[in-house]
Amino acid sequence: MSCRRTCIQPSPTNAHCGACHVTFGAITSFDRHRRGGECIDPREIGLNRDHNGIWRMASAPADARWGAR
């Protein structure tokens, strides 16, 4: 079975779910959205959709990662 025409075509570094037709920025995000054989809403696991429609982990602001300078 092929995916929907409206699905975002994943790059080699992305993961696309054939069940819910959501594309993730990393396989770890994809894995987190599957629990007990069911898809979990990406927002429920702390993911944000980028301008391309790909769900990714929210990144911390640069100053939070490196400390205020």
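The questions and answers below look at selected residues of this structure, which is a predicted model.

Q: Is H33 buried or exposed?
A: H33 sits in the loop between α1 (27-32) and β3 (34-35). A residue counts as buried when its relative accessible area is under 20%, and the value for H33 is 0%. H33 is therefore buried.

Q: Which backbone oxygen does the side chain of H33 reach?
A: Setting aside residues up to four places away in sequence, H33 touches C17, C20, F24, E38, C39, I40 and I45. Its side chain also reaches a backbone oxygen at 2.7 Å, and that oxygen belongs to F30.

Q: With which side chain does the side chain of T23 make a polar contact?
A: T23 lies in strand β2 and is buried, with a relative accessible area of 3%. When neighbours within four places in sequence are left aside, T23 is in contact with several residues, among them I8, P10, N14 and W55. The polar contact of its side chain, at 2.7 Å, is with the side chain of H16.

Q: What is the value of phi in H21?
A: H21 is found in the loop between β1 (15-16) and β2 (23-24), and it is buried, with a relative accessible area of 17%. Its phi is positive although the residue is not glycine, and the value is near 60 degrees.

Q: How is the aromatic pair of F24 and F30 arranged, stacked or edge-to-face?
A: A search of the whole structure finds one aromatic pair. In this pair, formed by F24 and F30, the ring centres are 6.1 Å apart and the planes stand at 75 degrees to each other. Both F24 and F30 are buried. Since planes over 60 degrees apart count as edge-to-face, the arrangement of F24 and F30 is edge-to-face.

Q: How many disulfides does a search of the whole structure find?
A: A disulfide needs two cysteine sulfur atoms within 2.5 Å. For C17, the nearest cysteine sulfur is that of C20, 3.6 Å away, and C17 is in no disulfide. For C39, the nearest cysteine sulfur is that of C17, 3.8 Å away, and C39 is in no disulfide either. The number found in the whole structure is zero.

Q: Is C39 buried or partly exposed?
A: C17 is buried, with a relative accessible area of 3%. The relative accessibility of C39 is 30%, and a residue between the limits of 20% and 50% falls into the middle class. C39 therefore counts as partly exposed.

Note on methods:
Residues numbered from 1 in each chain as written. Predicted model: local features only at pLDDT ≥ 70, side-chain atom pairs only at ≥ 80, totals over all residues. Heavy atoms only, no water. Helix = DSSP H or I, 4+ residues; strand = E, 2+ residues; numbered from the N terminus. Buried < 20%, exposed > 50% of the residue type's maximum accessible area, 1.4 Å probe, protein only. Polar contact = N/O pair within 3.5 Å; in protein donor to acceptor, adjacent residues only side chain to side chain. Contact = heavy atoms within 4.5 Å. Phe/Tyr/Trp six-rings, centres within 6.5 Å; stacked < 30°, edge-to-face > 60°.
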